[in-house]
Amino acid sequence: MKLKGTNIVIDTAWGDSGKGKFVDVFSHSADLVVRFNGGANAGHTVVNDYGEFKFHLIPTGIFNPNALSILAGSVALSPLTLVSEIEELRKKSVKISEKNLLISEYAHIIMPWHIARDTLRETARGASKVGTTGRGIGPLYADRTERIGVRMGDMLRENFEEIILRELAWQKQLISIMNVNNDDIYGEMLDKDKILADFRAAKEVLAPMIGNPLPIIWKAQKEGANILGEGAQGMLLDIDLGTYPYVTSSHPGITGFSIATGLQQNDIQRVIGVTKAYQTRVGSGPMPTELTGKVGDKLRELGNEYGATTGRPRRCGWLDLPALRYSLQIGGINSIALTKIDILDGMDEIKICTHYEHNSRRYDTLPTADAEFMAEAKPIYKTMPRWQSPTEGIKNFIDFPKEAQKYVKFIEDSVGVKVEIISNGPARNEVFYRIE
Ligand code: IMO
Ligand code: MG
């Protein structure tokens, strides 16, 4: 399947919808693939001819030798993670050089102190912890906003090590205040010689790939090239419009793409919202349709719902249409890719949340992702006819069991956005396109 012009792939909920697969498919006809938000908190699973990968940082476009993969300026960039991903790929004969990977000089660098602060803050929060991935994302973006961040372009400066050491000195003070239990591990993490050695080694690998992607992106867009935006996380984890404070610290939707590239909504053909056929969430925060009993466990086992980054079991529940309508609104989404419908093959009962009730009022669309509202909202379900034969292995959407076709139609009719893509398995060819 080929997408023309500029298109972005984002997730309509709390992440883990299966974006990696589509980005992999679409990147084969892309000229540029831009990863535009988040960092190594993401876990994008890709299964293709080279094997199975769980990428945290490297754009999935790296498998297309003719595409330029870009890590944009708003990505929380961990040079160490990136180098290990590059090494893993090179071992599998994927070629990576400045010809196919460009790292924005404006991307802020995840330093060991961000990881330390992430963990210490979570410990301090106790029962109300966010359940972060522990990759330093919040502190990195905090430092960016405070305008004290260190960026990839700084790596190329002669005084890079001085910059690191200056920053390290005061971050150590900050961490010693946060480290109320006097845990030794932070002393090791912040060891000056280790940090310098790690960054020297990372610079060796990454230096030739660091540059300014913006003029390249604009020129490509003007010339009608195919540009693919690869989103991380999901709309309900947006720092402003998500279930604050149980969110990530970036913009996982079109806003994030605009900030990263300087391209605007008018420049974009499709904003594809990847939606799982049921709901999942990893980490804390409200989830109206969560199933805590056996049904939820069954969804988790059938769907293999364990975090790609942290291995944590994901919380599972029925598809939440009010939340989906909200995400379509805030994400500017004009196309839905429905994933993992095959997981519902094994369920004895299938339900879908059509609306919420809150203080005796009906809400078809989530009016706010306010965590308190969402925690109190009562999901109202419609039981959907289950299908008797599997969707797994079926080669055409029209050969799907009638009930499964109805499930898809019910979703698109309910939310008013067409389900243009349906995936019924992890492999690249287990997918149907309804894009004319
Ligand atoms: P992909 O791209 C699912 C969640 C964390 C936590 C919250 C904040 O694979 O879909 P952070 O480490 O970002 O400060 O954690 O966000 N989270 C994700 N959940 N998929 C992801 O990425 C996520 N990235 C962050 O679990 O609740
Ligand atoms: Mg994931």
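Colleague: Let's start inside the fold: which residues does Ile-341 touch, leaving aside those up to four places away in sequence?

Modeller: This is a predicted model, in which local features need pLDDT of at least 70 and side-chain atom pairs count only at pLDDT 80 or more, while totals for chains, interfaces and linings use all residues. Residues are numbered from 1 along each chain as its sequence is written, chains are lettered from A and ligands numbered from 1 in the order in which they are written, and side-chain values use heavy atoms, with hydrogens and water left out. A contact means heavy atoms within 4.5 Å. On that basis, Ile-341 touches Ala-277, Trp-387, Thr-391, Phe-400, Ala-404, Tyr-407, Val-408, Ile-422, Ser-423 and Asn-424.

Colleague: Which residues have the most contacts inside the largest nonpolar core?

Modeller: A nonpolar core is a set of buried Ala, Val, Leu, Ile, Met, Phe, Trp, Tyr and Cys residues joined through side-chain atoms within 4.5 Å. Buried means under 20% relative accessible area, exposed over 50% and partly exposed in between, with a 1.4 Å probe and protein chains only. The largest core has 68 residues, and those with the most contacts inside it are Leu-299, Ile-341, Leu-344, Tyr-356, Tyr-407 and Ile-411.

Colleague: And which helix gives the largest share of this core?

Modeller: Helices are DSSP runs (H or I, at least four residues) and strands likewise (E, at least two), numbered from the N terminus. The largest share of the core is 6 residues, and it comes from helix α11 (residues 321–331).

Colleague: Between which domains does this core lie?

Modeller: The protein is divided into three stretches, domain 1 (6–104 + 210–267), domain 2 (112–206) and domain 3 (275–433), with bounds from an automatic or database domain assignment. Two of them give residues to this core, so it lies between domain 1 and domain 3.

Colleague: How many residues of domain 3 are in contact with domain 1?

Modeller: The C-alpha centres of domain 1 and domain 3 lie 24 Å apart. From the domain 1 side, 32 residues take part, and the number in domain 3 is 37.

Colleague: Where in the chain are the two residues that coordinate the magnesium ion?

Modeller: Asp-16 (OD) and Gly-43 (O) coordinate the magnesium ion (ligand 2) at 2.2 to 2.5 Å. Donors are N, O and S atoms within 2.8 Å of the metal (3.2 Å for Na, K and Ca), and water is not among the atoms, so sites may look incomplete. The two residues are 27 residues apart: Asp-16 is in the loop between β1 (6–11) and α1 (19–27), and Gly-43 in the loop between β2 (32–35) and β3 (44–48).

Colleague: What is the geometry of the Phe-160 and Phe-199 pair?

Modeller: Rings of Phe, Tyr and Trp (its six-membered ring) pair if their centres lie within 6.5 Å; planes under 30 degrees apart count as stacked, over 60 as edge-to-face and the rest as tilted. The structure holds 13 such pairs, one of them between Phe-55 and Phe-63, tilted at 5.7 Å centre to centre with 35° between the planes. For Phe-160 and Phe-199, the centres are 6.2 Å apart and the planes at 70°, so the pair is edge-to-face.
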